[in-house]
Amino acid sequence: MTQQQSSALSVEGLTKDYPGVRAVDNVSFTIKQGAIHCLVGENGAGKSTLVKMLTGVLQPTSGSITVAGRRHCPRNPQEARDGGIATLFQELHVVDELTVKENLTLGMEASRFGFLVNSKTDEVAIETLATIEPSIDPEARVASLSVAQKQILEISRAASSGASVIIMDEPTAALSEREVERLFAVIRRLRDANVTVVYISHKLDEIFELGDDVTVFRDGKHIVTKPLDEVDGRQQLIELMIGRTVFQQYEPRDIADAEPILQVEHLKTSLLKDVSFHVNKGEVVGFYGLVGAGKTEIARAIYGADKFSGSVRFNGKEIGPTPHDAIAAGIALVPEERRTQGLFTNLTIRENVPVMNLEKISTTGMLSPSRERQAAEHFVAQLGIATSSIEKHTEKLSGGNQQKVVLAKCLFAEADLLLLDEPTRGVDVGAKTEIYDVIKALANEGKSICVFSTELEEILGICDRIILLYEGMLEEELLNGEDVDIAHILNVVTGGAEHKGQ
Amino acid sequence: MSVQLKAKMAKGLKMSDEAFITLLVVSAAVFIFLFASLLVPNFFQFQNVVNLVTNNWAVISLGVGVTFLLVSGNFDLSVGGIVALSGVLAVWFAQAPGGANALASGFGMPTWMAMLFALFGALAIGGLNALFVVRFKIPSIIVTLGTMLVARGIAQVITHGSQRNTNLPDNFGFLGNIYLFGTSIKLPVVLMLVLVCVAVVIEKRTIFGRLTFWIGANPVAARLSGIKNARHQTHLYLFSAAIAGMVGILLASEFKSGFSSRGMLMEFDALVIALLGGVAIAGGFGSVVGMFFGALILATVTSAATGLVLSPDWQYILKAIAVFLAIVAQTWALTLKNR
Ligand SMILES: Nc1ncnc2c1ncn2[C@@H]1O[C@H](COP(=O)(O)OP(=O)(O)OP(=O)(O)O)[C@@H](O)[C@H]1O
Ligand SMILES: [Mg+2]
């Protein structure tokens with residue numbers, strides 16, 4: 001890179017107040033042209049709020065933004081785009097009814113005399129999509145895609161917008177290593193074309209692998225901006241973020257003589273091809289595979305959310321065909337996508353938490369407000385949900401804190417088997433360890449836990465046994481421990497084992 | 001500890017969106033009443049306030065069922081038709097057989113039985129709503145528009161497009177004409193007030209009420225959280241139909257007649273007062289108290305218009321303006337509050 005880099009974007013004294021909260025507090029820093037600039041900070045630190053001000057979704061309470069030397073005060077995302085800033089928001093914004101192709105060009109369609117015409121942007125967008133995930137058909141309806149595929153779609157849309165600054169708010173939260181690698185290739189190509197990328201992620205390894213500079217936020221305040229070369233490793237970055245260090249590693253647990261609680265045999269759906277496995281009492285089992293490998297499908301089938309063929313036995317008995325039956329049998333699920341499947345966004349934290357265990361907050365159908373309040377307060381404290389009150393509407397929480405509410409719902413169900421589909425998606429490093437501690441404690445109490453994750457670190461950190469999936473097939477089962485071979489795991493989940501065998 | 005403290009502080013400082021909207025609706029009702037009092041002579045009287053409530057017992061009762069359904073994310077446009085159908089059925093069942101002409105002869109059931117069977121007729125329409133909305137997943141606005149026509153259509157066939165009011169037992173007019181302790185307040189009004197109170201408790205303090213909000217706020221998340229959406233929505237449609245059926249029977253008793261055009265456009269009034277009361281058309285938000293005051297707003301506007309000797313032809317336009325303003329004001333107030 002050149003020595004003398006000009007500034008692509010700078011903010012000066014930027015502040016955003018919500019009623020009762022100062023989300024962004026007098027922030028000033030500069031982002032260099034053609035650099036990959038990372039933003040990190042705890043859940044609720046104010047990252048997304050900053051992004052929303054840069055892109056005109058929110059108006060700053062005070063302060064100013066400068067883009068390419070000009071004052072930038074967009075009133076909506078379209079104006080921000082005209083000013084050269086494109087964004088990939090933390091929450092999905094795809095239109096289910098349209099095709100992939102139509103979604104890719106949404107909001108930047110070329111038109112002539114009011115009629116849509118095919119343009120250069122279409123081609124670039126489709127090409128970008130093909131680079132990151134060739135398996136997605138541009139003519140497919142978005143409704144038929146998985147959450148992760150939708151995320152890839154959004155990434156391609158932002159990356160091919162032709163803007164000079166592209167902001168990505170947690171683009172990889174639902175992606176696995178392979179897609180992340182390809183995304184990084186796209187981002188690096190953008191940098192080579194002198195595009196500035198602002199990159200937000202809670203996955204710190206990504207930050208070190210990809211970033212040029214990093215800005216750390218804490219409690220809405222700007223802590224530091226510096227080149228990543230000058231940051232002394234992961235631990236130092238964590239300390240800057242949360243003011244302390246965290247450390248977590250798998251400790252083998254003694255569960256050899258446990259009896260099986262869940263038995264899955266010959267599970268088949270449109271994606272899954274004859275999957276059989278079992279889960280023991282008190283065991284943490286990790287399911288790892290790429291996007292589309294079938295993790296979510298397994299979780300949903302066990303839970304009765306989707307139809308399947310084959311047999312699922314829990315405590316020796318078949319479970320009924322609906323989520324209601326699964327919960328009654330003692331199974332709870334954290335679904336893949338928090339906003340559409342997990343949360344009641346226009347209700348408060350208090351009203352969200354108890355939904356999966358109505359008996360515990362009521363007597364003969366009458367709600368007990370005090371028990372309901374206690375439950376919410378308990379989880380706000382236990383999971384460290386950053387909020388001014390349990391009466392806060394969940395749509396006003398930051399992404400990571402919303403995820404914690406979904407987890408709280410599931411924990412409140414007091415199930416014997418927890419199916420956690422990306423349980424810590426969007427959760428910061430500090431809070432993650434706390435959640436892992438909760439999971440381990442539950443396992444020690446004799447509960448069984450299935451973790452479905454695209455994050456290998458998470459799988460290796462807490463799971464006793466690991467099940468590897470590739471394209472709907474159970475490829476391998478292995479016990480966790482110090483001698484696990486990461487290269488081998490990555491090889492298996494990318495289909496490497498397959499080709500060797502043939 | 002600190003969380004609790006913060007929660008308490010926040011409670012003192014901020015109120016929920018729902019409390020805010022309800023307060024807004026109540027203030028609007030009071031304001032509009034005072035404003036009307038300035039314009040219309042003799043409007044500002046206690047008796048007039050009582051009248052606004054008592055004259056609208058039917059629509060407010062229907063509004064309860066409609067509000068719960070709206071909160072759960074569903075429409076019910078069939079209630080007006082059910083009012084007509086159940087009234088006509090009750091009369092037909094109670095009419096003595098062998099009257100002078102076809103419209104004067106019925107089944108000769110005892111009054112209580114005629115009314116009970118009429119209620120079953122109403123529930124059948126509710127069941128039909130539930131069947132098509134819940135089982136066949138047809139949009140509720142279309143289904144209930146259809147059943148509205150079915151219900152009124154049957155009523156028209158039974159009354160030959162007119163009414164049945166002869167050959168009825170004397171006690172048929174009893175229920176609808178009981179006055180309370182020498183006041184001008186009738187039994188149906190009291191029933192309506194009881195219904196509203198019970199509905200408020202159900203809405204705020206029971207699992208049943210909370211289920212309604214969860215389903216309306218996010219049906220997918222509700223299902224994945226173990227809620228039986230289908231069963232609950234079926235219950236709501238049956239309750240709404242039962243309320244409408246009772247309203248129809250009480251009206252038939254009050255007038256000692258079954259009239260096929262009774263309750264015409266009541267389904268729209270019930271919808272309008274719910275919307276005026278801040279119930280969100282998208283589901284997951286709203287309250288019965290809001291709906292009640294929404295009804296008062298509508299009643300004040302229409303009765304003030306009559307007081308101003310505007311011709312009744314203006315009523316629709318007035319209603320339209322009131323609804324439009326109310327919805328714009330609510331959206332605007334909420335964005336302002338949450339900015
Ligand atoms: N509409 C709103 N009303 C009130 N407070 C809000 C609103 N939106 C966000 N906040 C608050 O602003 C703060 C910053 O939130 P923000 O979404 O910017 O966090 P974040 O850094 O992106 O966190 P995460 O990593 O969890 O996504 C949080 O405390 C949040 O509760
Ligand atoms: Mg965020």
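Modeller: A residue counts as buried under 20% relative accessible area, as exposed over 50%, and as partly exposed in between. The model we will read this way is predicted.

Colleague: How do I apply that to Lys32(A): is the residue buried, exposed or partly exposed?

Modeller: Lys32(A) has 31% relative accessibility, so it counts as partly exposed. Asp213(A) stands at 6% and is therefore buried. These two residues form a salt bridge, and their closest N and O atoms are 3.6 Å apart.

Colleague: Which parts of chain A does the pair of Lys32(A) and Asp213(A) tie together?

Modeller: Lys32(A) belongs to strand β2 (residues 21-32) and Asp213(A) to strand β11 (residues 213-218), so the bridge links parts of chain A that are 181 residues apart in sequence.

Colleague: And in which elements do Lys360(A) and Glu414(A) lie?

Modeller: Start with the bridge itself: Lys360(A) and Glu414(A) form a salt bridge whose closest N and O atoms are 3.0 Å apart. Both ends are in loops: Lys360(A) sits between α12 and β19 (362-363), and Glu414(A) between α14 (399-412) and β21 (417-421), so the pair ties together parts of chain A that are 54 residues apart in sequence. Lys360(A) is partly exposed, at 34% relative accessible area. Glu414(A) is also partly exposed, at 45%.

Colleague: Turning to chain B, which kind of interaction do the side chains of Glu203(B) and Lys204(B) meet in?

Modeller: They meet in a salt bridge, at 2.4 Å from N to O. Glu203(B) is buried at 6% relative accessibility, whereas Lys204(B) is partly exposed at 38%.

Colleague: Which residues do salt bridges that share partners join into one network?

Modeller: Asp17(A), Arg22(A), Asp25(A) and Lys221(A) are joined into one network in that way. Over all chains, the rule counts 23 salt bridges.

Colleague: How many salt bridges are there between chain A and chain B?

Modeller: The count between the two chains is one. The bridge joins the side chains of Glu372(A) and Arg210(B), at 2.3 Å from N to O. The rule for polar contacts finds twelve residue pairs across the interface of chain A and chain B.

Colleague: Which elements give two or more residues to the side of chain A that touches chain B?

Modeller: They are α9 (295-303), α10 (323-329), α11 (338-342), α12 (349-352), β20 (366-367) and α13 (369-382) of chain A. With five residues, α13(A) gives the most to that side. By class, the side of chain A that touches chain B has 19 nonpolar, eleven polar and nine charged residues.

Colleague: How many residues does the contact take from each chain?

Modeller: It takes 39 residues from chain A and 34 residues from chain B. The area buried between the two chains is about 3000 Å², and carbon and sulfur atoms give 61% of this area. In chain A, the residues that lose the most area to chain B are His324(A), Phe344(A) and Leu367(A), together 18% of what that side buries.

Colleague: Another case: with which residues is Gln402(A) in contact, leaving aside its neighbours within four places in sequence?

Modeller: Gln402(A) contacts Glu91(A), Arg338(A), Arg339(A), Leu343(A), Thr394(A), Glu395(A) and Leu397(A). Gln402(A) is part of helix α14 of chain A.

Colleague: Is Gln402(A) buried or exposed?

Modeller: Gln402(A) is buried, because its relative accessible area is 1%.

Key
Residues numbered from 1 in each chain as written. Chains lettered and ligands numbered in written order. Predicted model: local features only at pLDDT ≥ 70, side-chain atom pairs only at ≥ 80, totals over all residues. Heavy atoms only, no water. Contact = heavy atoms within 4.5 Å. Buried area = accessible area lost by both parts, 1.4 Å probe. Salt bridge = Lys/Arg side-chain N within 4 Å of Asp/Glu carboxyl O. Polar contact = N/O pair within 3.5 Å; in protein donor to acceptor, adjacent residues only side chain to side chain. Helix = DSSP H or I, 4+ residues; strand = E, 2+ residues; numbered from the N terminus. Nonpolar A, V, L, I, M, F, W, Y, C, P; charged D, E, K, R; others polar. Buried < 20%, exposed > 50% of the residue type's maximum accessible area, 1.4 Å probe, protein only.
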